[in-house]
Amino acid sequence: MDTAKIYGFNFPTPIRFGAGAINELPDYLLAHGLNRPLLVTDPTIAELPFFKDIQQKLTHKGINVIVFHDLHKNPVKSDVLLGGDVFRGQNRDSIIGIGGGAALDVARAIALRANHHRDLFDYDDLIGGDIYVTNEIPPLITVPTTAGTGSEVGRSAIISEDETKKKRILFSPRLMARIVFADPLLTMDLPPFITAATGMDALTHNMEAYLAKGYHPMCDGIALEGMAMVASSIEKATKESDLASRSNMLLASLMGAVAFQKGLGVVHSLAHPLSSLLDTHHGLANAVNLPYGMQFNYAGFEDRFERMAMALGLGNNAGDRVVDYLFDLNTRLGLPTKLSAIGVEKHHLEPLSELAFADFCHPSNPKPVSTADFRAIYETAYEGR
């Protein structure tokens, strides 16, 4: 730490957490004079009983609800533009994002779009677009239904270009939700694959945040506790789905998203191109790449791996066991451990490597990563151990 430097630390939005927390949503809206929300979700969740129950409870309180669910698994610009047209055209006064990362990202981007009318990607954080986020943001409320991305507490939305599928990041502190209703009961019926893949996404966030460059001891502490919660709960949540494990996973997920305001790293840069190029589920992409990315980062950061090993329950002087632990965890969760098992072919490795190097996450990785490094990691991950 540079003792002559002043560090700025930020923590996100108010959170209502616990079984049944979603039941507070109608009264919250009414207390804040909001009665025309746009509910943003994905096509699958829109048909589920718990979502219809939320709608009914809102309607019963006299709240006029419109649902928008026309979005892709990996959301694209046209999803946001269409949702923005619905928001304005139907005279909505608030936005409620209900779902996983895709739905919450689109909800946040629609909130940006509501009163900002430049081209959507003019607001790309990588080109300093946050300076254009100057107008009012309508009230945004987030309700996570998976324990993975932590998008509910985020300040950004990742949206892809329709044609190239290149991921762009829309960011501003103004885009934080007014409040989060984090109810583990909404995650109880997630199928095992989604539970495992999104849980590994949460673990990746915590691990990469802890290793990321920069000094942020608050994020480091949160990340270590988030790792411990995932390690103790992900298998039970996946295989038995009790409330305690689901609660821990939901908390670990949003803790990971709080922690990664410090930064992410090589694993996310390996994973993002798989979603862009091959439409791979983001959590699965992270799960497969996580042990290989950690293997790349190990040398030179052994002390950090020692502390991660403690958090993961591996004991003292076990930093060199973290990578093996991750391979074994994927196997126990029924997830693949090599890229060739998830539809990646040899000819994909070159374009994947170029997209990975262009990605926005690896600059905060603890060690630099070149295109050649990405190609080497992908080669290893393709073949598997």
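The structure holds 22 salt bridges. A salt bridge here is a side-chain nitrogen of Lys or Arg within 4 Å of a carboxyl oxygen of Asp or Glu. Side chains of opposite charge can pair when their charged atoms come close. This is a predicted model, in which local features need pLDDT of at least 70, side-chain atom pairs count only at pLDDT 80 or more, and totals for chains, interfaces and linings use all residues. Residues are numbered from 1 along each chain as its sequence is written, and side-chain values use heavy atoms, with hydrogens and water left out.

Start with Asp27 and Lys61. Their side chains meet in a salt bridge of 3.0 Å, N to O. The pair links distant parts of the chain, 34 residues apart. Asp27 sits in helix H1 (residues 25-31), while Lys61 sits in the loop between helix H2 (49-60) and strand E3 (66-68). Helices (H or I, at least four residues) and strands (E, at least two) are DSSP runs, numbered from the N terminus. Asp27 is partly exposed, with a relative accessible area of 43%. Lys61 is partly exposed as well, at 40%. Buried means under 20% relative accessible area, exposed means over 50%, and partly exposed lies in between (1.4 Å probe, protein chains only).

Next comes Asp220, which forms a salt bridge with Lys262. The closest N and O atoms are 2.7 Å apart. Asp220 lies in helix H6 (residues 217-239) and Lys262 in the loop between helix H7 (243-259) and helix H8 (266-278), so the bridge ties together parts 42 residues apart in sequence. Asp220 is buried at 10% relative accessible area. Lys262 is buried at 12%.

Asp328 and Arg332 both lie in helix H11 (residues 322-332), four residues apart, about one turn of the helix. Their closest N and O atoms are 2.1 Å apart. Asp328 is partly exposed at 38%, and Arg332 is partly exposed at 28%. Elsewhere, salt bridges link Lys346, Glu350, Arg375, Glu379 and Glu383 in a network.

Now return to H2. This helix has twelve residues and reaches 16 Å from its first C-alpha to its last. That is close to the 16 Å expected at 1.5 Å a residue, where the expected span is 1.5 Å times one less than the number of residues. Phe51, Ile54 and Leu58 are its buried residues. Seen down the axis of H2, they fall within an arc of 55°, so they line one face of the helix. The arc is that of the directions from the helix axis to the C-beta atoms. The face turned away from the buried side carries the exposed residues Pro49, Gln56, Thr59 and His60. The cover over the buried residues of H2 includes H1, strand E2 (37-40), E3 and strand E4 (94-99). Just after H2, Gly62 takes a positive phi of about 85°.

Strands E6 (residues 156-160) and E7 (residues 167-171) run antiparallel, joined by five bridges. Two strands pair if DSSP finds at least two bridges between them. Ser160 has Lys167 in E7 as its bridge partner. Six residues lie between the strands of this hairpin, where Lys165 takes a positive phi near 65°.

Finally, find Cys361, in the loop between helix H12 (349-358) and helix H13 (371-383). Cys361 is buried, at 4% relative accessibility. Leaving out residues up to four places away in sequence, Cys361 touches Leu264, Gly265, His268, Ser269 and His272. Contact means heavy atoms within 4.5 Å.
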